Structures are given as structure tokens and as C-alpha cells.
Amino acid sequence: MASTNVLFPWKDAYSVGIPRIDTQHKGLIALINELHAAMTEGRARTAMAPVMDELADYTARHFAYEESLLRQNGYSALAEHQELHRKLTAQALELRDKLRAGKLTVTIETMQFLKNWLANHILSADIAYSRELHGKATGGIAAPRGEHAGAAR
Ligand SMILES: [Fe+2]
Ligand SMILES: [Fe+2]
């Protein structure tokens, strides 16, 4: 079955109950799965680099959008969340730069790292803001205004 080869299937447990955010998380998961497929098919590093580039770019757009949404909704642990994002971004950029420089071979360990890199953050930190925002939302959760309103597909 093809589905057993998917490294990182979406699970309902990942849902933060905010459709725009879930869509972005699914986009990130899809890129990680694409990288995994490229690895299992033995595709060249040069074919993987653009996927890793897109993962790094999409991560930056998603984090900016998410932080903007958290700010807009007065999330109590925004600073801590931003710090987690900063560390995750640094890790993604490091992988991207190593891959580009030919200093990284994408292995199953790399892929497990990336899966955990995202899944653990969603399941702990993102679910935590979801609980708080849904707990205090009376008129619904406000979308970010201004520069991030249209960020990330
Ligand atoms: Fe987050
Ligand atoms: Fe997120």
C-alpha cells in the first residue's frame, strides 16, 4: 500500500482548530513528505535542494503568520513561542545550507528529525495556543491584519 510509505501522514491530533493554520501545517508536512519521497527514490541532492529551500521559506512565512495571529489575539506565551520558532528556523536554515553546500546527505535519520521537528512543535506549543485561544474566543479567533494577512498559502 502506498500510504504505508508516507513518512508523515496528517492526523486529526495535529489540528489547532484554525483552518488557515491547519492548511499551512499540511503544506509543511507535504514538503517533508516530498523530501522523503525524493530520498526513497534516490533522487539527486540537486533535486532535493529546491524542496528544502521551499520548506525553509514556507516555514518562515508560516511562523510569521502564526506569530501575527497570536499577537492579534493576545496570546499569553507569545514571547516563548517566538523563541521556539527562532530555534526551529535556525535548524531548518542549517539543514538547507548544508544540503546546498553538499555537506548533507538526506537519510532516514534526517527525515525522522524533520518529522519530529514539526510534529513535536505542533503537538506541544501549537496545541497549547490553540487551547488558550479557543478557550477565550467569544467572537471567534481574529485573523492577522496588515502585512501577514495574505502570507503563506
Ligand atoms: Fe508555532
Ligand atoms: Fe505552527
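The axes of helix 1 (residues 19-40) and helix 2 come within 10 Å and cross at roughly 165°, where helices are DSSP runs of H or I with at least four residues, strands are runs of E with at least two, and both are numbered from the N terminus. Axes here are lines fitted to C-alpha atoms, for helices over the stretch in contact, with angles from 0 to 180 degrees between N-to-C directions. The model is predicted: local features need pLDDT of at least 70 and side-chain atom pairs count only at pLDDT 80 or more, whereas totals for chains, interfaces and linings use all residues. Residues are numbered from 1 along each chain as its sequence is written, and chains are lettered from A and ligands numbered from 1 in the order in which they are written.

Helix 1 and helix 2 are therefore roughly antiparallel to each other (over 145 degrees; under 35 is roughly parallel, 65 to 115 roughly perpendicular and the rest oblique). The crossing is left-handed, a term for a near helix turned anticlockwise from the far one by less than a right angle, clockwise being right-handed. Residues of helix 1 including Leu28, Leu31 and Leu35 meet residues of helix 2, among them Val51, Leu55 and Tyr58, a contact being a pair of C-beta atoms, placed from the backbone, within 7 Å. This contact of helix 1 with helix 2 has 13 nonpolar, four polar and three charged residues; Ala, Val, Leu, Ile, Met, Phe, Trp, Tyr, Cys and Pro count as nonpolar, Asp, Glu, Lys and Arg as charged, and the others, Gly among them, as polar.

Helix 2 (residues 45-72) also packs with helix 3 (residues 78-100), their axes coming within 9 Å and crossing at roughly 170°. Helix 2 is thus roughly antiparallel to helix 3. Their contact comprises 13 nonpolar, five polar and six charged residues.

Thr105 lies in the loop between helix 3 and helix 4 (108-136). Thr105 is exposed because it has 12 other C-beta atoms within 10 Å (exposed means 12 or fewer, buried 20 or more, and partly exposed in between, with C-beta atoms placed from the backbone). Although 66 residues separate Thr105 from Met39 in sequence, their C-alpha atoms are 9.2 Å apart.

Overall, the chain has four helices and zero strands. Its radius of gyration is 16 Å, close to the 15 Å that the globule rule gives for 153 residues, so the chain is as compact as a globular protein of that length; the radius is taken over C-alpha atoms, and the rule is 2.2 Å times the number of residues to the power 0.38. Of the 153 residues, 25% count as buried.

Technical notes:
Two residues are in contact if their C-beta atoms, placed from the backbone, lie within 7 Å.
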